[in-house]
Amino acid sequence: MLVSAAAAAVLHNYIPAAVASDDDALDEAFYASDNLPPISDNELSKELPKQAKKTKNPIDPRYFLAGGGCAAFSHGIATPFDVIKTRMQSDPAAFDTGFKDAAISMVKTDGPGVLLIGLLPTLIGFGVEGAIKFGVYESLKPVVMSLLQADDKFIPYLVASVGAGAVASLMLVPMERTRIKMVTSGEKTGPLGGIDQLIREEGLSSIFFGYTTMLTKQVPYTVTKQVSFELFATSLFALATSSSLASNEDTRLLTTVASAFFASILACTVSQPGDVILTKTFKENEKDSPLENAIAIYEDKGISGFYAGYSARLAHVACIVTSQLVVYDVLKQMLGLPATGA
């Protein structure tokens, strides 16, 4: 209707007066051919803003809410794994006999409560980081796809996840630095107390110390996790659809869990070197130079140094990512959003 009305206006303005001597007759003949009622210029001017309002806003707060909820939940339940992994990375000489022995030794020495050190900053930090990471990622996808005019979704998804990871890292640095300090030193102060102490001792800018190093961990982690999950979920869902299984709720959940698990393995492996560098940077308060710290790790332990605590972190990340992405999909659907890959 709107297109026909616009065309009528153009014809009305440019058809010679001799041909369009009878405006009303011309309008009636034009609209009769489309079986559409005539529309005045005033009505057309009102209709255009209505159509513009129908353009979808790429920022949907439901993605931020689902992302924050799933991240806080998944990182919270995985705190014991993270404590063990961080201790193994920060003191490899003391915990060099494996994940299980490290856990037993820590509990015997410091009690069961040691496994929950850093829980509060974990919930706060990763809750905010998850909201930003998932929300910005979902918001950027349609924008980047529109800008790049790309038929293949991989590059737009990649660009969106890099941007989301970089922004989310800025939100995470203060809490993650506090958590690592608490775990490696044994201090049991709350997250705000830890940040206050950092500001008093080193100044306000100190709470963002390690941002560059954080990027070496979080950007590969975010990109691999989100993009691979999208690709795995889409492929498995398409396979289920072709097998006439997509309508089965159990099958749909299975594809989500499988996609999340595969994504967790890739995300852990790709981001492991950055995680080791980050722990060294925060523990020793080293210069925020990923390259210099990477060289120091290599000179000390070789390539294997970048995979210190890998077994503990793999269990940790598999638990986090699998539960996080499954909960994210569940929360999305509860909020009226489509499941990933659907």
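**Entry 1: the whole chain**

I counted 13 helices and zero strands in the secondary structure of the chain, where helices (H or I, at least four residues) and strands (E, at least two) are DSSP runs numbered from the N terminus. I noted that this is a predicted model, in which local features need pLDDT of at least 70 and side-chain atom pairs count only at pLDDT 80 or more, while totals for chains, interfaces and linings use all residues. Residues are numbered from 1 along each chain as its sequence is written, and side-chain values use heavy atoms, with hydrogens and water left out.

I then looked up burial, and found that buried residues make up 45% of the 342 residues in the chain; buried means under 20% relative accessible area and exposed over 50%, with partly exposed in between (1.4 Å probe, protein chains only). Among contacts (heavy atoms within 4.5 Å) between residues at least 6 apart in sequence, 77% join residues at least 24 apart.

**Entry 2: helix H12**

Which residues of H12 are buried? I listed Pro290, Asn293, Ala294 and Ile297. Seen down the axis of H12, these buried residues fall within an arc of 105°, so they line one face of the helix; the arc is that of the directions from the helix axis to the C-beta atoms. An α-helix has 3.6 residues a turn, so residues three or four places apart point the same way.

On the other side of H12, I found Leu291 and Glu299 exposed, whereas the cover over its buried residues includes helix H10 (211-242) and helix H11 (249-284). Just after H12, Gly302 takes a positive phi of about 75°.

**Entry 3: nonpolar cores**

I looked next at nonpolar cores, meaning sets of buried Ala, Val, Leu, Ile, Met, Phe, Trp, Tyr and Cys residues joined through side-chain atoms within 4.5 Å. The largest has 18 residues, of which Tyr221, Val321, Leu325 and Tyr328 touch the most other members. Helix H4 (61-77), H10, H11 and helix H13 (310-334) each give it two or more residues, and H13 gives the most, with six.

Leaving out residues up to four places away in sequence, I found Leu325 touching Phe134, Lys225, Phe229, Thr256, Ala260 and Ala263. Apart from this core lies another, of 13 residues, among them Phe95, Ala102, Ala103 and Val183.

**Entry 4: a pocket and a cavity**

For spaces I used a 1 Å grid over the protein atoms alone, on which a cavity is a set of points where a 1.4 Å probe fits but cannot get out, a pocket is an open set with protein on both sides within 12 Å along at least five of seven lines, and lining residues have an atom within 4 Å of a point. Grid points are joined across faces, edges and corners, and a volume is the space filled by probe spheres set on the points.

The second largest pocket holds about 310 Å³ of space, and of its 15 lining residues Gln89, Pro92, Val276, Ile297 and Asp300 lie nearest its centre. Helix H5 (79-90), H11 and H12 each give two or more residues to this lining, with the largest share, five residues, coming from H11.
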